[in-house]
Amino acid sequence: MTASETLAELDAIALAAVARLPATDSGHGQVWKRPDGVTADCGGPKKCDDCSSDALMVAAMQQSINAVKPTSAAVVEIVERHRGERMPEIGTGSILVPNEIRINGQRLWAPQDSPPVVERIEVGTGMSAVLVTLTVMARRVVIDDEPGTP
Ligand SMILES: [Zn+2]
């Protein structure tokens, strides 16, 4: 699938979903949780035509998202933001004291007493990768199933 075909598919899905969008108060609350918490007693995707088409739409959206944005390793940035141009390369001012963590460009809150841990892991003969363990503050944690290609 080319990028333009994927974008055309996304457009078609978006047009079809104008009236019903995930994460909104539309739908029956069976395929996606509505912010208002309402859940229709319709039997869900296996028994309800509306929920069935919503589930197909969500699966197609997830497939398109996966096609456009393949899985990759995270870009983790642990930086010290400071005033001025650059930190000096000699003296005590050259020591970095990180005060910001970003994952894929998103700034995150992290507790001061749980600093990031960066370690090397062996992934095969003569090969290694970097493993980063972070503790970050979460506004919401979602652990749920969702339709789509794993
Ligand atoms: Zn339904």
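# Notebook: strands, helices and a core

I started in the sheet and looked up Arg102: its bridge partner in E3 is Arg107. Helices and strands are DSSP runs numbered from the N terminus, with at least four residues (H or I) for a helix and at least two (E) for a strand. Two strands count as paired if DSSP finds at least two bridges between them.

I noted the ground rules next. This is a predicted model, in which local features need pLDDT of at least 70, side-chain atom pairs count only at pLDDT 80 or more, and totals for chains, interfaces and linings use all residues. Residues are numbered from 1 along each chain as its sequence is written.

**Overview.** I listed the secondary structure of the protein chain: two helices and five strands. Along the sequence the pattern reads α-α-β-β-β-β-β. I then checked burial. A residue is buried with 20 or more other C-beta atoms within 10 Å of its own, exposed with 12 or fewer, and partly exposed in between; the C-beta atoms are placed from the backbone. Of the 150 residues in the protein chain, 9% count as buried. I also looked at contacts, meaning pairs whose C-beta atoms, placed from the backbone, lie within 7 Å. Among contacts in the protein chain between residues at least 6 apart in sequence, 41% join residues at least 24 apart.

**The three-stranded sheet.** In which order do the three strands of the open sheet stand? The order is E1-E2-E3, and the pairing is antiparallel. From one strand to the next, the twist averages 25°. For such angles, axes are lines fitted to C-alpha atoms (for helices over the stretch in contact), and angles run from 0 to 180 degrees between N-to-C directions.

I counted bridges pair by pair. E1 and E2 are antiparallel and share four bridges. Strand E2 (residues 100-103) pairs with E3 in the antiparallel sense over three bridges. Ile78 has Ile101 as its bridge partner in E2. Ile101 also stands opposite Leu108 in E3.

I then followed the chain from E2 into E3. The two form a hairpin with two residues between them. Asn104 lies in this loop. Its phi is positive, about 50°, although Asn104 is not a glycine. Asn104 has 10 other C-beta atoms within 10 Å, so it is exposed.

I moved on to strand E4 (residues 117-124). How many of its eight residues are buried? The number is zero, so E4 lies largely in the open. Seven bridges join E4 to strand E5 (residues 127-133), and the two run antiparallel. Val118 faces Val132 in E5. E4 and E5 make a hairpin with two residues between them, and Gly126 in the turn has a positive phi of about 70°.

I checked the span of H2. It has 20 residues and reaches 29 Å from first C-alpha to last, close to the 28 Å expected at 1.5 Å a residue. That expected span is 1.5 Å times one less than the number of residues. The buried residues in H2 are Cys51, Asp54, Ala55, Met57, Val58 and Ser64.

Next I looked for a nonpolar core, a set of buried Ala, Val, Leu, Ile, Met, Phe, Trp, Tyr and Cys residues joined through C-beta atoms within 7 Å. The largest has six residues: Val31, Trp32, Cys51, Ala55, Met57 and Val58. In soluble globular proteins, nonpolar side chains tend to be buried together. I then picked out Val31. Beyond neighbours within four places in sequence, Val31 is in contact with Pro45, Cys51, Asp54, Ala55 and Val58.

**The loop between the helices.** Last, I read the stretch between helix H1 (3-16) and helix H2 (49-68), where Gly27 is found. Is Gly27 buried or exposed? It counts as buried, because it has 25 C-beta neighbours inside 10 Å. Outside four places in sequence, Gly27 is in contact with Arg20, Trp32, Arg34 and Asp54. Its C-alpha is 7.7 Å from that of Asp50, 23 residues apart along the chain.

Ala23 sits in the loop between H1 and H2. Ala23 counts as exposed because it has 10 C-beta neighbours inside 10 Å. Its phi is near 70°, a positive value in a residue other than glycine.

Technical notes: Two residues are in contact if their C-beta atoms, placed from the backbone, lie within 7 Å.
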